[in-house]
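Visitor: Could you walk me through this protein model? I am new to reading structures.

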Amino acid sequence: MRTIFLVSICFLVAVRLPGQSRTERWRFLPPSTAVSDDPRRVPLPPGPPGPAGTIVLRGGRIFDGTGAAAREGTLVINGNKIGSILPPGSTNWPADAKVYDVAGKTVIPGLIDLHSHLTYADPQDPRPVAASMSDAALRGAEHLRYFIESGITSVRDVAAKGDAPFRLKQWVRQNRIPGPRVFPAGQLITGKGGHGDEGVAIVPPADDDIYVALGPEGWREAVREQFKKGADLIKIASEFSSDEVAAAVAEAHDLGLKVTCDCETFYIQRAVEAGVDMIEHPLPRTDQTIQLMAEKHVEADPTLETYDMIFDLVGGYFGSTSRRFAFSKQAIFDVAVKMKKAGIKMGIGTDLVGNRFRFLPEPYIRELKLFVKLGYTNSEVLQIATKTNAELLDMGDKLGTLEPGKLADVTVVDGKPDADLDDLAKVSLVIRDGYLQVLDGRVYQARHIPLPMPASRSGQN
Ligand SMILES: [Zn+2]
C-alpha cells in the first residue's frame, strides 16, 4: 500500500516539472509513443512523419542556436529531422540526397514569432469582407507567405477568427500550403467591454476573434471552447476579476496549456498572482509586479517595435478603455529594461495587426535590434529569436536549435546575421518540417503530382 502511494506521488511529480504549475498529461504516455509536434502532445500512430529522403545544406556557416559560435559545416536533414552537422569537406550523405550549396551563407534555426494575428483584416476592407470567414482564411494564407519568406518557421497566433487558425495549422502541417508552423490560441478571452470587446461586434460570436466571458465558470467554459477547437495555448485579456482569471488559469493548466495575458494597469499584478505564464506587451507595471513576475518565473513577450510603430503612426491609444498609460516610447522601453534587470525571460513577438505584416521582415528585425538596445549581443538576440522563443512556445525539446533529432526547421541567410542583424532581410532558403518552403528568397512549391486515373471498366472509353 505504502509502495503504491509513493509510486503515485513520483508519477504526479513527473508530470509537473519544477517551477511549473501545469500538468503535462502526455508524460503519462510511455516514452516510445509518438506525439504531435505541438504543446498538446496528442498520441500519434507509428510511422515516419514528414517527407522522405535527405536534404543537404552544403558548406555554409552554421549558427546552431545553442550558444556556440558560428562555424563552417554542412547540415544534413533526414525526413523531418536534423540528421547531423558534418565538418567542412565531409560528404557523408546518401547518393540520392538533394544537395543545396550554401557557401558564403549562414544556416540558422528557423526564426519564431510569438505574437501573430493571422486573420486580421486590412483597415481599408469593407465590413462584410472583414467579417467573412472565407476571406479570413485567405488572409491567413497570405500572412503565412510573408512570414515564411522572412525566415520565420513558427508563429504563435494569439487571436484569430473562428476555426481559421486551426485549419491553417493543419494545411501547413500537411504541406498543402507553404508557411510556418501555426500554434494557435484561438479566440482572445476577455470580459464584456474588455480589451478587444470595445464597441459593436460585427460578426457572430463563434466566428469572432474575441470570446466574451462572464464569471469564473464562464471563463472556464471559454478556455474549454478554445481547447476543443485545438488551442496550443490560451490567451486572455483584461478586464477580469481575480476569480475569473484564477479559474481560466486553473482550467488551462489542468489541460496542460500555458496562459498568456494582454493586460494593463493593476490587472497585470492580478494575472501574475493568478499564475499566468506570460505577459504580452510592454505596458507599465509596478516594480512590485516585476519582482513577482521574476519570483514566479512569469515570462514576457514585450512586442516593443509594434508599440514604437503605433506611436509613430497614430501617436497613442486613443478612445480605448483598456490602454491607460503614458504614450511614450521611452516609458515602455524602460519597462523592458527593468524586466531584463529582474531576470525575466523575454521573447520576440511582432503583433503586426491590420496590414502591417506587409512591412515584414523589417518589424521583426527592428524588434531584435531593440533587444540589442536592451543590452543583449547580436548572437544572444538571435538565440532568443530561436531557442528561447521555442522554450516560450513550450516546444524547446523539438524546435529552436540545430541539433540532431530536432525538427528540421532551418533558415539560410545570405551574410552573417549573428554579426549584422540586417542580414536577416536576405533570406535565401527556408525548410520547415523537412519541406523546402523558400528557394532563392521566394516561396517554393513543387509541381503537383497527379493521381493516376482509375482503369476503365470492361475496356470502354
Ligand atoms: Zn496582439
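Visitor: What kind of model is it, and how are residues numbered?

Guide: This is a predicted model, in which local features need pLDDT of at least 70, side-chain atom pairs count only at pLDDT 80 or more, and totals for chains, interfaces and linings use all residues. Residues are numbered from 1 along each chain as its sequence is written, and side-chain values use heavy atoms, with hydrogens and water left out.

Visitor: Which residues coordinate the zinc ion?

Guide: The zinc ion is held by His 115 (NE2), His 117 (NE2) and Asp 351 (OD), at 2.1 to 2.4 Å. Donors here are N, O and S atoms within 2.8 Å of the metal (3.2 Å for Na, K and Ca); water is not among the atoms, so sites may look incomplete.

Visitor: What spacing do the donors follow along the chain?

Guide: The spacing of the zinc donors is H-x1-H-x233-D. Distant parts of the chain are linked in this way: His 115 is in strand S6 (residues 111-116), while Asp 351 is in the loop between helix H10 (329-341) and helix H11 (362-373), 236 residues apart. Helices (H or I, at least four residues) and strands (E, at least two) are DSSP runs, numbered from the N terminus.

Visitor: Are His 115 and Asp 351 buried or exposed?

Guide: Both His 115 and Asp 351 are buried. Buried means under 20% relative accessible area, exposed over 50%, and partly exposed in between (1.4 Å probe, protein chains only).

Visitor: What does Thr 306 touch?

Guide: Not counting residues up to four places away in sequence, Thr 306 touches Thr 350, Asp 351, Arg 356 and Glu 367; contact means heavy atoms within 4.5 Å. Thr 306 lies in helix H9 and is buried, with a relative accessible area of 1%.

Visitor: How many residues does H11 have?

Guide: H11 has twelve residues and reaches 16 Å from its first C-alpha to its last, close to the 16 Å expected at 1.5 Å a residue. The expected span is 1.5 Å times one less than the number of residues in the helix. The buried residues of H11, including Tyr 364, Glu 367 and Phe 371, pack against S6, strand S7 (152-157), helix H9 (304-313), H10 and helix H12 (378-392). After H11 comes Gly 375, with a positive phi near 120 degrees.

Visitor: Now the strands. How do S11 and S12 run?

Guide: Strand S11 (residues 234-237) and S12 run parallel, joined by four bridges; two strands pair if DSSP finds at least two bridges between them. Lys 235 stands opposite Thr 260 in S12. On the S13 side, Thr 260 has Met 278 as its bridge partner, and S12 pairs with strand S13 (residues 278-280) in the parallel sense over two bridges.

Visitor: Which helix lies on the way from S12 to S13?

Guide: The chain crosses from S12 through helix H7 (residues 266-274) to S13, and this β-α-β crossover is right-handed. A crossover is called right-handed if, with the strands pointing away from the viewer, the path from the first strand over the helix to the second runs clockwise. S11, helix H6 (residues 242-254) and S12 also make a right-handed β-α-β unit.

Visitor: What covers S12 (residues 259-262) on its faces?

Guide: Both faces of S12 are covered: Val 259 and Cys 261 on one side and Thr 260 and Asp 262 on the other are all buried.

Visitor: Which residues have the most contacts inside the largest nonpolar core?

Guide: They are Ile 236 and Ile 279, in a core of 82 residues. A nonpolar core is a set of buried Ala, Val, Leu, Ile, Met, Phe, Trp, Tyr and Cys residues joined through side-chain atoms within 4.5 Å.
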